[in-house]
Amino acid sequence: MATLTRSVSVDAPVEKVFDYALDPRNLWATPDVAVAEVAIKPDGVGTNARLWSHVLGFHIEGGLEYTDVVRPERIVIKADFLMEHPTWTFTFEPEGGGTKLTATGEWHVKAPAIGGPIEKMMVKEHEPFLDTMFAALKADVEGSAS
C-alpha cells in the first residue's frame, strides 16, 4: 500500500467545506478532469459520478462512489480507473474560525514484485492533482464565503 496525504486550511466553516465536497462536480472538477453523470444521494453515501481525463495523451474514463459519509467529519470515496482503484478519505476539522481539510489517497496494487513500485508511481502522479483540487476548493469556498 502507498499513501498520499495533504492538508489545506480553508477560511470557511466546516459545514460549508463539507457541503462543497459532498458534490463531486465541485470536489473533482479540475482543469484536466470532466465530471458527468452525477447522482447525489441525500445522506451522501452512494453518491457517484463518471470522470474523464487524459494521461500521456490517452483518454481515460472512470468512476467514483462515496462509500462512507459522516457529517461533517469524513467522506470516503472509492475511485475506479482502468487498473487504478484508490480510496480517498477526506477529513474535516475545525481550525480557528475555518476548516482544516485533509485528504489521504491509498493505492493497493495486487501484483507481486511490481505492485509496490506502481503504487509509489501513482502517489507521485497524483500529488499535483491533489494540490490543484485543494487550490480550486479553497478559492471557490473562500470566494463564496462573503
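Modeller: Let us begin with the contacts of one residue. Setting aside residues up to four places away in sequence, Thr89 touches Arg74, Ile75, Val76, Thr102, Ala103 and Thr104. Please keep in mind that the model is predicted.

Colleague: Where does Thr89 lie, and is Thr89 buried, partly exposed or exposed?

Modeller: Thr89 is in strand β6. Its relative accessible area is 23%, so Thr89 is classed as partly exposed, the class between under 20% and over 50%. A distance in space may also be set against a separation in sequence: Thr89 and Val69 are 20 residues apart along the chain, with 9.8 Å between their C-alpha atoms.

Colleague: How many aromatic pairs does a search of the whole structure find?

Modeller: The search finds six. To classify a pair, one reads the distance between ring centres together with the angle between planes, where under 30 degrees counts as stacked and over 60 as edge-to-face. For Trp28 and Phe129 the centres are 5.8 Å apart and the planes stand at 25°, so this pair is stacked. The partners come from distant parts of the chain, 101 residues apart: Trp28 belongs to the loop between α2 (24-27) and β2 (34-39), and Phe129 to helix α3 (residues 115-143).

Colleague: Why do Trp28 and Phe129 count as buried?

Modeller: The cut-off is a relative accessible area under 20%. Trp28 has a relative accessibility of 4% and therefore counts as buried. Phe129, at 18%, also counts as buried.

Colleague: Which geometry do Trp88 and Trp107 adopt as an aromatic pair?

Modeller: Trp88 and Trp107 are edge-to-face, with 5.5 Å from centre to centre and 80° between the planes. This pair, too, links distant parts of the chain, since Trp88 is in strand β6 (residues 87-95) and Trp107 in strand β7 (residues 98-107), 19 residues apart. Trp88 is buried, with a relative accessible area of 2%, and Trp107 is buried at 1%.

Colleague: Which residues do ring pairs link into a cluster?

Modeller: The cluster consists of Trp28, Trp88, Phe90, Trp107 and Phe129. Beyond its neighbours within four places in sequence, Trp28 is in contact with residues including Leu51, Leu64, Trp88, Phe90 and Phe129.

Colleague: Which residues of the largest nonpolar core touch the most other members?

Modeller: This core has 37 residues, and those touching the most other members are Leu27, Trp28, Ile75, Ile77, Trp88, Phe90 and Phe92. At least two residues come from each of β1 (2-10), α1 (14-21), β3 (48-55), β4 (58-70), β5 (74-81), β6, β7 and α3. Of these, α3 gives the most, with eight residues.

Colleague: Where does Gly105 lie, and is Gly105 buried or exposed?

Modeller: Gly105 lies in strand β7. Its relative accessibility is 0%, so Gly105 counts as buried. Not counting residues up to four places away in sequence, Gly105 touches Ala2, Thr3, Leu4, Thr87 and Trp88. Its C-alpha atom is 9.9 Å from that of Glu127, which is 22 residues away along the chain.

Colleague: Let us close with the backbone. Which residues does a cis peptide bond join?

Modeller: The bond joins Arg71 and Pro72, with omega at about -15°. Pro72 is found in the loop between β4 and β5.

Colleague: What is the phi of Glu37?

Modeller: Glu37 has a positive phi of about 50°, although Glu37 is not a glycine. This residue lies in strand β2. With a relative accessibility of 57%, Glu37 counts as exposed, because the cut-off for that class is over 50%.

Technical notes
Residues numbered from 1 in each chain as written. Predicted model: local features only at pLDDT ≥ 70, side-chain atom pairs only at ≥ 80, totals over all residues. Heavy atoms only, no water. Phe/Tyr/Trp six-rings, centres within 6.5 Å; stacked < 30°, edge-to-face > 60°. Helix = DSSP H or I, 4+ residues; strand = E, 2+ residues; numbered from the N terminus. Buried < 20%, exposed > 50% of the residue type's maximum accessible area, 1.4 Å probe, protein only. Core = buried A, V, L, I, M, F, W, Y, C linked by side-chain atoms within 4.5 Å. Contact = heavy atoms within 4.5 Å.
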